[in-house]
Amino acid sequence: FYEKLANVYLTVKKENGTEDVASGTAVREDSKLKFVLSNEHYDFVYLSANGTDIANPGELFTLTDDVTLDYAVTKKLYKVSYEKRASGAKGELTVKVKDGDVVAPDTKLPYETELVFETKADENHKLDKITVNSTDVDAQKPYKLEKDVTFVATFVEKTKYKVKYEENPANGRLEVQKKGADGNMVKVAPEEEVYEGTALYFVVTPTATTHALDKLMANDKEINPTLPYILTAQVEFKATFGEKKNRVRLDVPTGVTLEIKDAQGGAVTPDATDLTVNQPLKIKVTATPENLGVKKITFAGKDITST
């Protein structure tokens, strides 16, 4: 007699291993019985016959009397093997229990434990792959433990890409930089090959105070020169400098409106229209409150009423 536990249960079989013995079945004395769990990833915590533990549940059991079986099961333990830094490796591997602690090499863990990987590549190297028992696994996803495993991380040298740019374009100068080993900025020479993933920085300098950077392009795509550029492929930077642009801002009393035009007669919209340095402007008062006139117009603190 025996009952089936939920999920993982006991099956009793005759010696040949093909014929099941259902609970309550009469079997000849001295018959040899086998005890099998429904899930191979579980082991017996104990298996007893009429209250007496069976020392080796995996061996054949000789029936000598009516017997009532009792048992409990637990998940099998599997060994997790790896080297934190394998011989000749260009980086380190750490295995952890998902949302848990670091797993020391050769630790045994229960079936279905989820493992995650942390890797640290040496300078100018990157993770190529992680294998389990010589088969590639996705290093970004948890690995579910179902057998003894050996993890190996392989690291490779990063790819180098050429960085191209003109140092002295019209009306300005461009210099590309990167952080050196000591943390200080160092120049990246035009045509220099740089490792992928390197953050590149820009120093742009106009040749005159009347000029400024108009735009910076990376392979014909405009980029922000104040932000680092992460190198993922060969790149060519192009800096374009032009006359510095300015905008007009108005501060007028309530009820007063002005018309502002450039030297060519084009309308100038306050806080919107870009203007070059030293560009003449024509200012006309178009409306004032009743019984009021213009006393003074100032620009950057200077009285310009008469001009």
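Visitor: Which residue stands opposite V186 of strand 17?

Guide: Strands of a sheet pair through backbone hydrogen bonds, either parallel or antiparallel. Here, K178 stands opposite V186 in strand 17. Strands are DSSP runs (E, at least two residues; for helices, H or I, at least four), numbered from the N terminus. Two strands pair if DSSP finds at least two bridges between them. This is a predicted model, where local features need pLDDT of at least 70 and side-chain atom pairs count only at pLDDT 80 or more, while totals for chains, interfaces and linings use all residues. Residues are numbered from 1 along each chain as its sequence is written, and side-chain values use heavy atoms, with hydrogens and water left out.

Visitor: How many bridges hold strand 16 and strand 17 as a pair?

Guide: There are 4 bridges between strand 16 (residues 172–179) and strand 17 (residues 185–188), in the antiparallel sense. Their hairpin has 5 residues between the strands, and G183 takes a positive phi near 90 degrees there.

Visitor: With which residue does K178 form a salt bridge?

Guide: A salt bridge is a side-chain nitrogen of Lys or Arg within 4 Å of a carboxyl oxygen of Asp or Glu. K178 meets E192 in one, at 3.7 Å from N to O. E192 lies in strand 18 (residues 192–195) and K178 in strand 16, so the pair ties together parts that are 14 residues apart in sequence.

Visitor: Is K178 buried, exposed or partly exposed?

Guide: Buried means under 20% relative accessible area, exposed over 50%, and partly exposed in between (1.4 Å probe, protein chains only). K178 is partly exposed, with a relative accessible area of 21%, and E192 is partly exposed at 25%.

Visitor: What order do the strands take in the open sheet of 3 strands?

Guide: The order is 8-10-13, with antiparallel pairing. Strand 8 (91–97) and strand 13 (143–144) are at the edges with a single partner strand each, so one side of each has no neighbour in the sheet. Strand 8 is joined to strand 10 (residues 114–121) by 7 bridges. Within strand 10, T119 is the bridge partner of L93.

Visitor: Which residue forms a salt bridge with E114?

Guide: K98 does, with the closest N and O atoms 3.7 Å apart. K98 lies in the loop between strand 8 and strand 9 (107–110), and E114 in strand 10, so this pair ties together parts that are 16 residues apart in sequence.

Visitor: How many salt bridges does the whole structure hold?

Guide: A search finds 15. A network of salt bridges links E167, R173, E175 and K187.
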